[in-house]
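Have the model open beside you as you read.

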Amino acid sequence: MSAGLQAAVPVIAIDGPSASGKGTVAARVAAALGFHYLDSGALYRLTALAARRAAVALPQLEDDAARRQQIETALAEVAATLDVRLDGEHVWLAGEAVDAALRDERTSREASQVAALGPVRAALLERQRAFRQAPGLVTDGRDMGTVVFTDAVLKVFLTATAEERAQRRHKQLMEKGLSVKLEDLLRDIRERDARDASRAHAPLVQDAAAGLLDTTGLTADEAVAEVLRRYALCALPACK
Ligand code: C5P
């Protein structure tokens, strides 16, 4: 598709903090509209996982500038050469389904570390934009509306209190038979929020054009319906 035609494809950009439920909401909005769906966080998670498998180190506080640069270059190379397939059901890395490994707490933490690095973000930029295909794209992440798809037709900043997010994650893990302490999850979520919001490259901020959607106390169905309601208003001049 030419760049001009691609720019005409509508994008709904849903950004927000960790465990806010934006992935569930974005995937269901995409299904309701028959649009493509991009979980941009999966690309950062895959970069962290692929780096671990290739024994590429993550930056450490004690690293000097030269070592740090070397590590950033190596991680950007991992991101640029990811052998990944997202088929809507599974995520494949080098031909292996890696859904479980992608979602564990270690990968979550490491994804947020690699995502703080400018060269990694740059390496993933065009790969994300390539998902913009007719009839439309719904995408979720931290910088979909602020950096990757600045011309998105609808931008939503989806959030919930840290306590509610920790509780939702706790429930999900319990359902999978995994026991994790609620207070540990809350601490991890707060740490990730702080790192995502304070980093120099593409920090998590609400775009000026993004409408806030606080899902504390809302069901997933209600949040999906609200995004669809806002999208329906996009035919009108004030699209928020
Ligand atoms: O959304 P998810 O929790 O799967 O993202 C994993 C990590 O990737 C986040 O903690 C965040 O640091 C990073 N990320 C990002 N930009 C995006 C999506 C995710 O920095 N667009």
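Of the 17 residues around the ligand, which come nearest? They are Arg 45, Arg 121, Asp 143, Asp 196 and Arg 199, where a residue is near if one of its heavy atoms lies within 4 Å of the molecule. This is a predicted model, in which local features need pLDDT of at least 70 and side-chain atom pairs count only at pLDDT 80 or more, while totals for chains, interfaces and linings use all residues. Residues are numbered from 1 along each chain as its sequence is written, and side-chain values use heavy atoms, with hydrogens and water left out.

**Around the ligand**

- Arg 45 places a polar side-chain atom 2.6 Å from an oxygen atom of the ligand; a polar contact is a pair of N or O atoms within 3.5 Å, and within protein one must be able to donate a hydrogen and the other to accept it, with residues adjacent in sequence counting only if both atoms are side-chain atoms.
- For Asp 143, an N or O atom of the side chain is 2.8 Å from a nitrogen atom of the ligand.
- The side chain of Arg 199 has an N or O atom 2.8 Å from an oxygen atom of the ligand.
- On its own the ligand has 450 Å² of accessible area, and the protein covers 97% of this (areas come from the Shrake-Rupley method with a 1.4 Å probe; for residues, only the protein chains shown count as cover).
- The shell around the ligand has 9 charged, 4 polar and 4 nonpolar residues; Asp, Glu, Lys and Arg count as charged, Ala, Val, Leu, Ile, Met, Phe, Trp, Tyr, Cys and Pro as nonpolar, and the others, Gly among them, as polar.
- Helices H3 (40–53), H6 (105–114) and H10 (182–198) each supply at least two residues of that shell, and H3 gives the most, with 4 residues. Helices (H or I, at least four residues) and strands (E, at least two) are DSSP runs numbered from the N terminus.

**How the helices pack**

- H4 (residues 65–80) and H7 (residues 118–129) pack at an angle of about 15 degrees, with their axes 8 Å apart. H4 is therefore roughly parallel to H7 (angles under 35 degrees count as roughly parallel, over 145 as roughly antiparallel, 65 to 115 as roughly perpendicular and the rest as oblique).
- Axes are lines fitted to C-alpha atoms, for helices over the stretch in contact, and angles run from 0 to 180 degrees between N-to-C directions.
- H3 and H7 have axes that come within 11 Å and cross at roughly 135 degrees, so H3 and H7 are oblique to each other.
- H6 and H10 cross at roughly 15 degrees, their axes coming within 10 Å, which makes H6 roughly parallel to H10.

**Backbone details in loops**

- Pro 135 lies in the loop between H7 and strand S6 (137–141), and the peptide bond to Pro 135 from Ala 134 is cis, with omega near 5 degrees.
- Ala 55, in the loop between H3 and H4, has a positive phi near 55 degrees in a residue other than glycine.
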